[in-house]
Amino acid sequence: MRTDFLFETDFRNPCVLANDQARVAWLARLGRQALIAEAELTPKPGLVDRRGSGAHSDLSLAVMRCSALAIEPYFCRMAAVSQGSYPSRLLRERLALIGRNAERAMLRATGGSNSHKGAIWILGLLISAAALLDEDIEAASLVATTAKQIASFEDRAAPRLVSHGDVVAKQYGVSGARGEALSGFPNVVDVALPMLRSRRAGGAPECLARLDALLSVISRLDDTCLLYRGGEDALVTAKEGAAAVMNAGGTRTPIGKRQLKRLDRQLLEMEVSPGGSGDLLAATLFLDAIERGQEEVESDRNGLEDTDGAHRA
């Protein structure tokens with residue numbers, strides 16, 4: 001991975017010394033690996049995974065991987081400008097500029113498909129927060145709180161464009177990814193991470209622990225991806241379907257597996273996917289790796305046993 005951009009004039013930070021470069025690269029690498037691990041996790045309802053493109057006609061697992069690789073250098077820039085810094089409007093605006101460049105790189109890599117726009121915002125904030133904190137203080141809740149502080153500042157250079165999230169927020173009165181950040185990522189810190197840890201402690205395979213973490217988020221989140229593409233019917237279907245899986249004991253139980261397959265079929269028929277929840281799962285995997293001090297985010301090792309379903313190839 002290129003590291004010369006760490007010292008480009010626009011992003012130079014005198015506190016980024018030679019011995020800090022490894023941490024910067026580590027944070028960016030974890031961000032990229034978290035995105036790929038989320039994409040590879042199988043079987044997910046309506047989302048791209050190892051079985052196929054889900055409800056998306058313009059995405060595939062290969063495209064998602066290419067997108068994550070294209071974004072990684074920009075995660076590295078975000079970490080670099082954040083080291084030795086503190087939450088401020090200047091930092092917020094620097095991150096926003098890098099994020100817009102990351103979106104352009106994503107679109108080039110995917111041929112124009114929006115694979116990770118929301119994830120660039122979410123993971124960018126968390127990577128920045130982790131970079132500016134003392135490396136001995138890496139509690140997920142503190143990283144999320146620091147990211148909240150960064151997000152609270154206005155980006156004066158933000159383009160005056162109406163995004164899909166803006167449309168949904170106005171129509172349905174939900175806050176979307178920005179609201180999640182401004183609240184300190186509660187669906188990650190208070191929902192997904194505790195579920196992930198609980199399932200691991202109970203002996204669940206890692207892939208099933210992650211699936212249950214994802215479903216716990218889907219059952220609660222006002223996912224703007226679902227609302228934009230399918231309206232309230234899609235959101236209610238996803239929430240109720242995910243809750244049914246969890247109420248049946250999660251993806252380890254026979255009933256839970258059947259409920260997951262049913263939800264997958266329903267979302268495919270409606271041509272919708274819980275993309276916002278997928279982004280928050282990636283954030284969960286990133287923070288989990290940070291807190292555990294892992295060098296890598298473990299990839300999905302699911303061998304696709306018993307994952308047959310209605311997913312599109």
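In the predicted model, the axes of helix α3 (residues 89–110) and helix α4 (residues 117–132) come within 10 Å and cross at roughly 140°. Axes are lines fitted to C-alpha atoms, for helices over the stretch in contact, with angles running from 0 to 180 degrees between N-to-C directions; helices (H or I, at least four residues) and strands (E, at least two) are DSSP runs numbered from the N terminus. The angle makes α3 oblique to α4, given that angles under 35 degrees count as roughly parallel, over 145 as roughly antiparallel, 65 to 115 as roughly perpendicular and the rest as oblique. The crossing of these two helices, α3 and α4, is right-handed, the near helix being turned clockwise from the far one by less than a right angle. Contact (heavy atoms within 4.5 Å) is made by L91, R92, L95, G99, A102, E103 and M106 of α3 with K117, I120, W121, S128 and L132 of α4. These residues comprise seven nonpolar, two polar and three charged; Ala, Val, Leu, Ile, Met, Phe, Trp, Tyr, Cys and Pro count as nonpolar, Asp, Glu, Lys and Arg as charged, and the others, Gly among them, as polar.

On α9 the contact involves R210, A213, L214, V217 and I218, and on α12 S277, G278, L280, L281 and L285. Seven of the contact residues of α9 with α12 are nonpolar, two are polar and one is charged.

The protein chain as a whole has twelve helices and zero strands. Of its 313 residues, 55% count as buried, that is, under 20% relative accessible area with a 1.4 Å probe, protein chains only. Beyond its neighbours within four places in sequence, L126 is in contact with V143, A144, A147, F185, A283, F286 and L287.

Residues are numbered from 1 along each chain as its sequence is written, and side-chain values use heavy atoms, with hydrogens and water left out. In this predicted model, local features need pLDDT of at least 70 and side-chain atom pairs count only at pLDDT 80 or more, whereas totals for chains, interfaces and linings use all residues.

Conventions:
Buried means under 20% relative accessible area, exposed over 50%, partly exposed in between (1.4 Å probe, protein chains only).
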